[in-house]
Amino acid sequence: MAPSLKSLALASTLLIAGVSGAAAQGAQCGGDWNRFMQDVRAEALAKGLSAAGVDRALADVRQDDKVLSRDRGQGVFQQEWSRFQGRMVNKDRLARGQAQLKKHATTFREVEAATGVPGPVIASFWGLETDFGAVLGDFDTLSALATLAHDCRRPEIFRPHLISAIELVDKGYLRPDQMRGAWAGELGQTQMLPEDYIAFGTDQDGNGQINLLTDVPDVLMTTGKFIQSMGWQRGQPWLEAIRVPADFPFDRAALVNKEPRSAFAALGVRKADGSPLERDDVPASIILPQGKGGPAFLAFPNFDIYLQWNNSLTYSLTAAYFGTRLAGEPVVDMGNPQPGLDGDQMKRLQNRLVSLGYDVGKVDGILGANTRAAVATEQSKRGFAPDGWPTAPFLAALN
């Protein structure tokens, strides 16, 4: 899998804080490239990095148009979930994931003891991001981050990571020529951004270096600490396949609707094998990625960590499902969902929803959370089951 998938859904919650003086002026995007790079250098020096380290890091930095092209394209997330997960959670990747869990069993146990994050969860990200370290990406990290920081679309995200990438060089973590990865600046076998590399990087194998490119123990512990930092709850589930009855009130099947598991049990929701759900107060949401006729899941609070890692539901649900499979759960029943919309149809749908007063975010042909919510509302108004899954008949009803 191309390691840039996580990059496609970087959330704009990472803001520059505490920047002052010349550094604040340098945070401006666009304009003359050389002036921009001078401002970056000044900000790095103001942070206390050495002139030699900063100059070494920036010596060969160039603008990269291929990075901007990748940043504008997100077609992979237009795929229906069953198709996407079918490519990603295949027999080969499952077998290799199980082999990695056995090979590094001692380290996985150490990571879970320290962070509470189970091995299958870490292995799911490891497998999807880089095929367990086989495909790290070939973009020059420093040039990629400088290009995105200079670009005026999301500089507040990428500027801090550019400074942290320079810090990685200055501290001797990596040489500039080693820093090759995904188009949005992620590095290593689980694609960590530079700020997170520095914040959570751990020398788990005790060789005196923190190397997330080649040292698997470092990769696994660092990833566990990163996931823990996002709020992972030790000993708690993250995702469970379920059966939803035909008469279920589908307006309650939404990620934003968290209810006690007992409430869903009372509505006839059962485990995938037909056995009863636990009647407890554990909060959960129901996810129907392809509507009422397709697969169904309970998502628990730990699933939110997957969405923090990548806020695309397509990716996050795939990674979480992959984790359950690595933990020994069976294949989910894909059901018989109604055909969804293609990219052009989805854009027409989004434009129509916008004309009706809904905020769907960017009209991009991707069925995101805002689009799903708007679809569910209109489905209720127009006599469709409000499952948030748009179909051709529903699109026709909007016209």
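Between domain 1 and domain 2, 2 residue pairs are in polar contact, both at pLDDT 80 or more. A polar contact is a pair of N or O atoms within 3.5 Å; within protein, one must be able to donate a hydrogen and the other to accept it, and residues adjacent in sequence count only if both atoms are side-chain atoms. The model is predicted: local features need pLDDT of at least 70, side-chain atom pairs count only at pLDDT 80 or more, and totals for chains, interfaces and linings use all residues. Residues are numbered from 1 along each chain as its sequence is written, and side-chain values use heavy atoms, with hydrogens and water left out.

The domain assignment places domain 1 at 239–327 and domain 2 at 343–398. Such bounds come from an automatic or database domain assignment. To the contact, domain 1 gives 8 residues and domain 2 gives 5 residues. Contact means heavy atoms within 4.5 Å. The C-alpha centres of the two domains lie 22 Å apart. About 590 Å² is buried between domain 1 and domain 2, and carbon and sulfur atoms give 60% of this area. Buried area is the accessible area (1.4 Å probe) that two parts lose on being put together, summed over both. Salt bridges between the domains number 0; the criterion is a side-chain nitrogen of Lys or Arg within 4 Å of a carboxyl oxygen of Asp or Glu.

Strand 6 spans residues 283–287 and is largely enclosed by the rest of the structure, because 4 of its 5 residues are buried. Buried means under 20% relative accessible area, exposed over 50%, and partly exposed in between (1.4 Å probe, protein chains only). Helices (H or I, at least four residues) and strands (E, at least two) are DSSP runs, numbered from the N terminus. Strand 6 pairs antiparallel with strand 4 (residues 259–260) over 2 bridges. Here Pro 260 faces Pro 283. Strand 7 (residues 297–299) also runs antiparallel to strand 6, through 3 bridges. Ser 285 has Ala 299 of strand 7 as its bridge partner. Pairing requires that DSSP find at least two bridges between two strands.

Two threonines were examined in helices. Thr 371 lies in helix 17 (residues 369–381). Thr 371 has a relative accessible area of 1% and is therefore buried. Its side chain makes a polar contact of 3.2 Å with that of Gln 350. Beyond neighbours within four places in sequence, Thr 371 contacts Leu 349, Gln 350, Leu 353, Val 360 and Ile 366. Thr 107 belongs to helix 7 (residues 105–115). Thr 107 counts as buried because its relative accessibility is 12%. Pro 217 and Leu 220 touch Thr 107, not counting residues up to four places away in sequence.
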